Amino acid sequence: MRCICCHTDTDIHTVPTPQFNNFLLLHLIAKMSALTGISHLSSITGISGDSTNNAPAQALEQIPRASDDGVDFLQSIGSDDYKFLMFPDHLVTTSDTGKELGELTVTIEPVKHHEQECFLIHANSHGAIDGVPCGTSITSYVSKKLDTLEQQHHEYVKLENHPLDRKTFIVKQEDGYIVNKVITQGEDIQRSTQAYRFEDMKGFISEGSNLLLQRLFVKKGVPEDCTLISLDSESNLCKTSYKPLEERKQIVLSEDLIVIGVERTINSLSDLPTTWQSYFTKDGHLSNRVQVGSPVTMRLARVPTPVEDEEEPPKPTFDKKELVWEEDMQTYSKFLDGKDELKGDHLVYIKNHPDLKSILADFLQFLLLRKPKDTIACAADYFSSFSTRMHNTGPYMSSAVPTPFPMSRTTSQIEKITQKT
């Protein structure tokens, strides 16, 4: 094994001392950081015992602040900016000698999380360094303003007799963020919890949201002074700066690609700054990624299918036309069906109420005999006798009451009878 610190060859199977195990672990962590793009494992050695620790809050004077340009960029992101950024990425990891060490896959897709529309970002990087399996995976739910709703980050190094495993959980709650860590080194387990207020997390970018943010940088450009907030290896808030890199040419399977670069630097409070340089095709596909100072490189194995940023065709417009339903076959057919249905319903009602014909026949005869000028008033007077709400005065009391229908009592036949007597 060639050590990246002293550039000497060492047989990892011939020195089984604990001191060498820690040295080897640090060596693997340094390489793994470049392989996965994450530097969180750099501070997890020296664990002893199973313990739980509520880490103290970061001092106010140490809490970093995001730049105005960075915050304004996050606020300017709209739904249309994500329209052509939902696609997978696949890169292979190689050493400085060209040996393939592993692979990196990234997928981003729109989903709903707790009834909120957001993006599910999943990144998985795994491989073997000097024959030791290691890797990391990230599952993150990110809002349309790149707020991290929930993230699970798992890292591991399967060193013989000295395995290392770290899990970090970030959850957004009503009053702030909670960061839980579980670190397992052999049989030793360490747990810790940290809480952050929303006002201290303004401009926070997690590892998951960073993958989507860099695609947006390719589409919209990197602001002049873009400084945001991230978590370092101790889960403390720290500044993360972004700056654009000059375009360059990258050869993939004898095909020339023009790629755009974005440099990301994490300025940890407890460790040296760590810088990654990532290059993207013009449509946002990750084409190359390297940690500055590391011999490990991630690059495309084949040219991805380009994402075409096509404008949606305008919706067709149709002139409004007057509908003549008698001429429309479908509408007229519905009318006939409804007419027959209504007619049948009425016939059934008449059949079930035979007294209806008698009432109508009596009323019609009453009209023909009286021949009133106001048929509506006559109908009201006639049918009022059937009402249970009106007071019944009796026939003798009503004989002296002037009738509203004077002509009804002076028919021609009555006049003739009167004259003869």
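How exposed is K144, by its relative accessible area? In this predicted model, K144 has a relative accessible area of 30%, so K144 counts as partly exposed.

The chain holds 421 residues, of which 39% count as buried. Its secondary structure consists of 7 helices and 15 strands. Among contacts between residues at least 6 apart in sequence, 52% join residues at least 24 apart.

Side chains of opposite charge can pair when their charged atoms come close. The chain has 9 salt bridges. One of them joins K144 to E117, with 3.4 Å from N to O. This pair connects distant parts of the chain: E117 belongs to strand β4, while K144 sits in the loop between β5 and β6, 27 residues away. E117 is partly exposed, at 47% relative accessibility.

Another salt bridge is formed by R264 and E207, at 3.2 Å from N to O. Here strand β12, which holds R264, is linked to helix α3, which holds E207, and the two residues are 57 apart. R264 is buried, with a relative accessible area of 2%, and E207 is buried too, at 8%.

R197 and E199 also form a salt bridge, their closest N and O atoms being 3.4 Å apart. R197 is partly exposed at 39%, as is E199 at 49%. Both belong to a network of salt bridges that also includes R65 and D200.

D68 lies in helix α2, residues 68-75, and its relative accessible area of 60% makes D68 exposed.

Technical notes: Residues numbered from 1 in each chain as written. Predicted model: local features only at pLDDT ≥ 70, side-chain atom pairs only at ≥ 80, totals over all residues. Heavy atoms only, no water. Helix = DSSP H or I, 4+ residues; strand = E, 2+ residues; numbered from the N terminus. Buried < 20%, exposed > 50% of the residue type's maximum accessible area, 1.4 Å probe, protein only. Contact = heavy atoms within 4.5 Å. Salt bridge = Lys/Arg side-chain N within 4 Å of Asp/Glu carboxyl O.
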